[in-house]
Amino acid sequence: MNSMVRRTLVVELQAGVTDRFPVLAHLSYDPADPFAVTLVFSHDGRVLARWRLDREMLADGLTRPVGTGDVRLRPESRGVGRELRMEFLGEPHADGGRHHAVVFAWAGAVGDFLSDTFRSVPPGSEETRLDDFLTEVLTGR
């Protein structure tokens, strides 16, 4: 049986146009849900946000821009390092705007995490238990 893959990274949350400050990103992958990666962002013991991303999209974001909806990913270079830029659009504000966050992670660390998930469940070998999913949907669980 495959086990959970977990990693905690220090990432940078962009505040304003240029200022960045460190937060923790807790990445987890459950082989029972093989297409998804969960990211939980925290600071000073408080959860700031929780997102579930498509594993393939996260991997693609390391090499090219992806996403057109609430999540957009793209590689960026910063000096000698490569980063993954993650842009998240959240709930609407009363004024019609939306919550917006930009997070930067070292691409190598995200790539290492993804490599561990690919060893756990290789791409193309993911299985979906459609009967279990339909039962959950129909029973409202």
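Which residue in E2 does Leu9 stand opposite? Here is a friendly walk through this predicted model, with the answer in point 3 below.

1. Let us begin with the overall layout. The protein has seven strands and three helices. Taken along the principal axes, the C-alpha atoms fill a box of roughly 50 × 40 × 30 Å.

2. Next comes the sheet. It is open and built from seven strands, in the order E4-E3-E2-E1-E7-E6-E5, with antiparallel pairing. Strand E4 (46-54) and strand E5 (71-78) are the edge strands, and each of them pairs on one side only. On average, and with direction ignored, neighbouring strands of this sheet are turned by 30° against each other.

3. Now for the opening question. Strand E1 (residues 5-15) and strand E2 (residues 19-29) run antiparallel and are joined by 11 bridges. Within this pairing, the residue opposite Leu9 is Ala25 in E2. Further along, Leu13 stands opposite Phe21 in E2. The two strands form a hairpin with three residues between them, and Gly16 in the turn has a positive phi of about 75°.

4. E2 also pairs with E3. These two strands run antiparallel, with five bridges between them, and the hairpin that joins E2 to E3 passes through six residues.

5. The structure holds one cavity of 30 Å³ or more, and about 40 Å³ of space lies in the largest cavity. The pair from the opening question returns here: Leu9 and Ala25 are among the residues lining this cavity, together with Val11, Leu27, Leu39, Leu58, Leu84, Met86, Ala105 and Val110. E1, E2 and E6 are the elements that give two or more residues to the lining. By type, the lining divides into 10 nonpolar residues, no polar and no charged.

6. Which element gives the most to the lining of the second largest pocket? It is E7, with five residues. This pocket holds about 280 Å³ of space. Its lining has 16 residues, and those closest to the pocket's centre are Leu13, Leu48, Ala49, His100 and Ala101. At least two lining residues come from each of E1, E2, E4, E6 and E7. The lining divides into 12 nonpolar residues, four polar and no charged.

7. Last, a look at the aromatic rings. A search of the whole structure finds two aromatic pairs. Why is the pair of Phe41 and Phe88 edge-to-face? The ring centres of Phe41 and Phe88 lie 5.6 Å apart and their planes stand at 65°, so the pair is edge-to-face; planes over 60 degrees apart count as such. The pair links distant parts of the chain, as Phe41 in strand E3 and Phe88 in strand E6 are 47 residues apart.

How values were computed: Residues numbered from 1 in each chain as written. Predicted model: local features only at pLDDT ≥ 70, side-chain atom pairs only at ≥ 80, totals over all residues. Heavy atoms only, no water. Pairing = 2+ DSSP bridges. Helix = DSSP H or I, 4+ residues; strand = E, 2+ residues; numbered from the N terminus. Axes fitted to C-alpha atoms, helices over the stretch in contact; angles between N-to-C directions. 1 Å grid on protein atoms, 1.4 Å probe; cavity = no way out; pocket = protein on both sides within 12 Å on 5 of 7 lines; lining within 4 Å. Points joined across faces, edges and corners; volume = space filled by probe spheres on them. Nonpolar A, V, L, I, M, F, W, Y, C, P; charged D, E, K, R; others polar. Phe/Tyr/Trp six-rings, centres within 6.5 Å; stacked < 30°, edge-to-face > 60°.
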